[in-house]
Amino acid sequence: MTSSADDTVAALASGAGRAGVAVVRISGSRVPEIAAALIGGLPSPRQARVCAFVDADGVAIDRGVALYFAAPASFTGEHVLELQGHGSPVLVDMLLARLLELGVRLAEAGEFSRRAFLNDKLSLDQAEAIADTIDAGSSAAARAAMRSLEGVFSREVNALVEALIELRVYTEGAIDFPDEDDIDFLGDGEIERRLNAIRQRLETLRGQAAQGASLREGLRLVILGAPNVGKSSLLNRLARRDTAIVTDIAGTTRDVLHEQLSIDGLPLTLVDTAGLRETADPIEAEGVRRAKAEIEHADHVLLVVDDTSGLGCDEQALLAEIGNRCPVTVVANKIDLSGAPAGLRRGQDYEHIGVSATTGAGFDALAAHLKQAAGMNEDATPAFVARRRHLDALSRADAALEIGHERLVVDAAGELLAEELRTAQNALGEITGAFTSDDLLGAIFSSFCIGK
């Protein structure tokens with residue numbers, strides 16, 4: 001059957017497998033006739049009714065509860081019927097087969113949420129928050145996703161869009177009536193004041209979004225350093241289990257190891273790498289090559305050094321090679337041997353943290369530092385959850401406003417400022433779905449659960 005937005009669709013909305021209760025959701029214009037054939041007619045809206053779900057011969061497939069939500073007062077904005085039956089996979093399959101006989105199509109991944117978005121029941125970021133709520137890996141992430149679902153993020157974005165529209169109207173009015181009352185609207189400072197206020201609000205929102213994205217997606221931490229400085233011991237200590245093999249033999253780690261963990265709700269991907277050194281061993285040399293390649297994918301680098309010797313020429317060369325590609329923290333390991341204090345040390349160019357992978361000293365400070373690097377405050381949960389595409393849209397809006405400010409202050413070109421304001425507005429509109437493409441919608445909703 002060819003998919004169409006006008007189809008009536010159905011899917012199992014509860015988890016697959018044996019359970020006490022299974023929920024099958026049906027949405028579309030044909031719900032009333034489907035209900036007539038399956039359960040003898042529609043229940044009263046929003047009132048549960050116990051009934052039998054029957055096959056074509058009137059024989060009961062199952063017996064359970066039916067709930068009807070009339071359009072447009074439903075999740076999808078369409079007629080919705082929810083059937084709550086026994087959680088037997090066999091009964092669920094029989095019920096879905098009966099719905100197919102009645103002309104219902106099985107829903108695609110995320111189709112219910114997509115219909116809710118297309119029918120203006122949810123903004124695009126709210127629809128994404130449904131999936132983020134389901135996928136939340138910590139209580140902090142779940143709370144942030146719920147705030148997004150409740151519209152916290154979209155309200156902030158919409159408020160910025162409204163401010164941009166007002167500034168566009170004011171700017172274009174100044175362009176159209178340059179000699180009105182002999183007032184220089186472009187040069188009187190009012191437009192620049194409004195523009196700066198918008199840029200400040202956008203900067204605050206970008207910080208909140210970055211924090212929310214870190215909570216959702218976490219940080220990819222790449223551990224680099226010379227052989228035998230304690231990289232694998234650091235990984236094991238952070239993971240709280242013996243993930244990597246640790247020996248006194250230089251070059252023990254020859255490949256890239258990945259470990260997923262969470263620190264106070266912050267998801268982390270730790271990447272342990274081979275010790276960086278010149279070697280004639282082709283296997284170890286390949287490990288070194290792969291270690292350096294991981295820098296390109298890192299959100300943050302932990303450069304581990306032996307605190308008894310400190311930063312050497314090789315480490316300085318590596319820091320120069322990393323440059324501005326990503327933030328770097330120097331982890332000074334083996335303070336149990338050097339006698340240096342644990343915790344944060346302010347370096348000239350990089351923050352240093354003294355730790356002992358053997359005793360665990362300094363690891364509380366390291367955890368707090370990583371949370372701060374991800375934008376997580378000690379006393380606050382992110383205001384909402386965000387995705388990389390949201391960060392990209394906010395970044396493009398900020399870039400447009402920066403250019404617009406230059407066009408206003410340097411060039412006194414109101415027309416060019418107005419165009420940059422429009423560009424910023426469109427970028428923000430991509431977050432809520434005011435401006436979007438079918439390809440983007442397909443990519444977003446294809447990652448959802450079936451039945452959501």
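Predicted model: local features only at pLDDT ≥ 70, side-chain atom pairs only at ≥ 80, totals over all residues.

Trainee: What describes two packed helices?

Mentor: Two packed helices are described by the angle between their axes together with the distance between those axes. Here, helix α7 (residues 190–217) packs with helix α13 (residues 388–409) at an angle of about 160°, and their axes are 9 Å apart. Because angles over 145 degrees count as roughly antiparallel, α7 and α13 are roughly antiparallel to each other. The crossing of α7 and α13 is left-handed, and the residues of their contact comprise 14 nonpolar, four polar and eight charged.

Trainee: And what describes a pair of aromatic rings?

Mentor: For such a pair, one gives the distance of the centres and the angle of the planes. The structure holds one aromatic pair, formed by F153 and F384, which is stacked, with 4.3 Å centre to centre and 5° between the planes. Since F153 lies in helix α6 (residues 152–176) and F384 in the loop between α12 (363–373) and α13, the pair ties together parts that are 231 residues apart in sequence.

Trainee: Is F153 buried or exposed, and is F384 buried or exposed?

Mentor: F153 has 1% relative accessibility and therefore counts as buried; F384, at 1% relative accessibility, counts as buried too.

Trainee: Which rings have a charge over them?

Mentor: The charged end of R25 sits over the ring of F112, 5.3 Å from its centre, while R194 lies over the face of Y170, at 4.5 Å from the ring centre.

Terms used: Residues numbered from 1 in each chain as written. Heavy atoms only, no water. Axes fitted to C-alpha atoms, helices over the stretch in contact; angles between N-to-C directions. Helix = DSSP H or I, 4+ residues; strand = E, 2+ residues; numbered from the N terminus. Parallel < 35°, antiparallel > 145°, perpendicular 65-115°, else oblique. Left-handed = near helix turned anticlockwise from the far one by under 90°. Nonpolar A, V, L, I, M, F, W, Y, C, P; charged D, E, K, R; others polar. Phe/Tyr/Trp six-rings, centres within 6.5 Å; stacked < 30°, edge-to-face > 60°. Buried < 20%, exposed > 50% of the residue type's maximum accessible area, 1.4 Å probe, protein only. Lys NZ or Arg CZ within 6 Å of the ring centre and 35° of its normal.
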